[in-house]
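Hi,

Here is the structure I said I would pass on. Have a look at it first, and then read my notes below.

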Amino acid sequence: MSDELDPRPEDLKQRVWESIQRDELPPRDDRGRMRVVMNNLVLHLHPSKVAKPTLKFTYTWGLGGLALLLVLLLAITGVMLMFVYTPSPETAYQDMLRLQTEVWFGQLIRNLHHWSGNLLVVVAFLHLLRVFFTGGFRTPREFNWILGIILLLLVIGANFTGYLLPWDQLAYWAVTVGSSLLSYIPLIGEGLRSFLLGGPEVGAATLTNFYGLHVAIIPLALMGIVSFHIWRVRKDTLTVPHKLDGTVDGAPDGGQIEKVTTLPHLVSRELVFALVMTGAILLWSLWVNAPLEAAANPDHSPNPAKAAWYFMGLQELLLHFHPVFGAIIIPALGLGALVILPYQHFDLSAEGIWFRSRKGRRMALLAVLAALVAVPLLVLLDEYVLDLPGMLPSLPTIISNGWLPLAALALLLIGYYDMMKRVFKATACETRQSVFVLLVTAFIVLTIIGVAFRGEGMALMLPWEVL
Amino acid sequence: MAEKPVSRRDFLKVAWGAAGALALVEAGGVVLSFFSPRVVEGEFGGIIEAGAVESFPAGSVTPFTQGRFYLVRMPDGGFLALYRKCTHLGCAVPWNPAEGRFVCPCHASTFEMDGQVINAPAPRPLDRFAVTIVDGIVRVDTGLPIQRDHTSASDLVYAEAAS
């Protein structure tokens with residue numbers, strides 16, 4: 001009888017612990033450290049070893065990790081807020097007031113949720129830029145780039161649906177204006193809008209629709225795709241940072257790229273960065289309150305009525321183009337360009353080098369300067385001088401204020417591309433980057449003009465009128 | 001040309017595929033109709049009794065907050081119900097009596113008393129609702145906003161000469 005012969009009585013405490021944590025903690029050697037990462041539900045989203053140069057903070061800026069941290073903070077604070085909020089026009093605003101005055105730490109939790117949500121839009125966008133400028137979207141990472149774009153859209157969707165929930169004037173009219181953009185989609189736009197709003201105008205049905213999207217549909221989709229996104233990073237590995245001369249940044253004399261175990265080298269860095277950022281967000285939320293205006297009043301639009309800040313670039317476009325172009329065609333072209341981007345030809349020797357090459361850096365800088373000068377000039381020109389529909393009264397405005405200016409801008413862009421390519425004797429890859437920088441800067445400038453330089457009746461304010 | 005006999009495997013593949021596709025379409029239909037807009041009786045969206053013809057002088061604009069429309073009586077006595085939603089981006093357009101026009105606070109679209117666009121960016125005149133006048137009582141059907149590319153004299157509804 002073998003069990004009678006077993007000389008070692010099993011320690012129950014030991015058995016319980018080992019049934020939970022199978023690997024030795026702390027691990028004894030690299031083999032043990034890799035095993036812990038592989039066998040842990042959360043950690044196994046990471047590879048067990050990573051290339052040492054990729055740990056360099058100024059290569060990734062920790063943006064992907066920061067986005068994940070914000071999603072976690074949003075989930076925790078969001079679930080807490082669900083306990084003190086009812087999505088109904090009669091109660092929503094009252095709940096907000098009660099949250100801020102009666103609920104213990106209610107204002108703080110709301111601030112954390114509000115600022116994390118807004119910061120997430122910025123961080124996700126910066127993450128996209130980082131991946132673009134270090135060439136991290138090329139084979140085999142094309143599909144993960146697409147997943148990233150879907151995540152960015154989900155983040156904006158989460159932000160937009162959450163924007164309505166306080167049910168104050170800001171919320172009501174930002175969502176009215178924002179959802180009206182949809183009705184300009186040909187054929188299905190009006191139907192889509194009323195389906196989303198649950199009626200012809202923003203009302204009780206809109207609030208429950210948006211609540212359901214905000215607390216269930218979008219978070220679930222986000223969680224699933226985020227896991228997929230991170231798992232793909234593990235499968236595809238990070239691009240290794242390179243210096244301008246093509247040598248690996250952080251490897252001794254371009255020799256073998258050293259690999260280190262994820263635990264502790266990557267995990268400890270992640271934890272420190274997460275802790276610092278959590279502290280920073282906490283401090284900010286202690287000092288700066290999330291805005292809450294007067295209760296929503298469907299009878300009275302505030303002046304000016306602005307969309308959420310991340311839509312202000314679009315709203316600014318809308319002031320210059322026919323609505324179908326400002327709200328649908330131009331954004332769709334931009335999004336389409338982002339989607340096909342990783343399938344374009346890319347010079348693989350530029351992978352991991354910030355802005356591709358020395359030439360690429362100069363061309364990117366020039367693109368920033370060009371956009372900083374050209375966009376305000378074009379806005380001023382359209383505001384004060386050019387009145388295409390007035391000059392061409394016989395044409396429908398969709399041509400005079402849509403196709404015509406778009407064609408003119410497209411010609412300018414093609415001219416810019418051609419000129420840059422010739423003058424710098426640059427590759428297509430470097431020139432395309434320069435156009436990308438030009439367009440991104442233009443979008444940022446438009447957003448700033450919309451947020452800061454549009455006053456009553458959305459009239460343009462010149463810098464000295466703003467202050 | 002001899003027809004190829006369909007094997008049992010191929011037949012079952014197609015049958016399963018068709019049944020699966022049908023189930024998906026049905027489920028999609030259920031979800032879509034479940035989430036389709038719900039109309040609440042007696043609120044905005046129903047027929048609203050505005051009042052007697054005489055209570056609206058010619059050349060007046062009367063706001064109906066609950067019904068979300070303006071009852072306009074043109075100087076010639078014709079009635080017109082204008083949906084107050086701006087045709088640009090949906091803001092509530094207030095009537096400016098001093099200027100005698102509707103001015104949208106959001107993007108400065110301006111409309112004439114009859115809804116005609118004076119100032120872009122609004123792409124079309126203010127939508128209107130159907131007006132009926134029976135026994136001297138003006139009723140407005142707020143169920144369906146009527147979109148129009150141009151204002152027209154036929155938009156106006158006149159009271160019977162007898163009443």
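Which residues in the largest nonpolar core touch the most other members? Keep in mind that this is a predicted model. The ones to click on are Ala171(A), Ala174(A), Leu71(B) and Cys91(B), in a core of 65 residues. Helix α9(A) provides the largest share of that core, with seven residues. As background, nonpolar side chains in soluble globular proteins tend to be buried together.

Let's stay with Ala171(A) for a moment. Leaving aside residues up to four places away in sequence, Ala171(A) touches Tyr163(A), Leu164(A), Leu165(A) and Pro166(A), and also Ala296(A).

Now for the place where the chains meet. On the chain A side, 24 residues are in contact with 16 residues of chain B. Two helices of chain A, α9 (169-180) and α10 (189-197), each supply at least two residues of the side that touches chain B. Helix α9(A) gives the most there, with four residues. Sorted by class, that side of chain A has 13 nonpolar residues, 10 polar ones and one charged one.

Some notes on chain A as a whole. You'll find 19 helices in it and two strands. Its C-alpha trace spans about 100 × 65 × 45 Å along the principal axes. Of its 467 residues, 33% are buried. If you take the contacts in chain A between residues at least 6 apart in sequence, 75% of them join residues at least 24 apart.

One more helix in chain A is worth a look, namely α6, which covers residues 92-101. Where do its buried residues sit around the helix axis? The buried ones are Ala92(A), Tyr93(A), Asp95(A) and Met96(A). Looking down the axis of α6(A), they fall within an arc of 155°, so they line one face of the helix. What they pack against is α11 (204-236) of chain A.

Finally, chain B. It is divided into domain 1, residues 1-36, and domain 2, residues 47-155. Taken over C-alpha atoms, the centres of domain 1 of chain B and domain 2 of chain B are 50 Å apart.

Over to you!

How values were computed:
Residues numbered from 1 in each chain as written. Chains lettered and ligands numbered in written order. Predicted model: local features only at pLDDT ≥ 70, side-chain atom pairs only at ≥ 80, totals over all residues. Domains from an automatic or database assignment. Contact = placed C-beta atoms within 7 Å. Nonpolar A, V, L, I, M, F, W, Y, C, P; charged D, E, K, R; others polar. Core = buried A, V, L, I, M, F, W, Y, C linked by C-beta atoms within 7 Å. Buried ≥ 20, exposed ≤ 12 C-beta atoms within 10 Å, placed from the backbone. Arc of directions from axis to C-beta.
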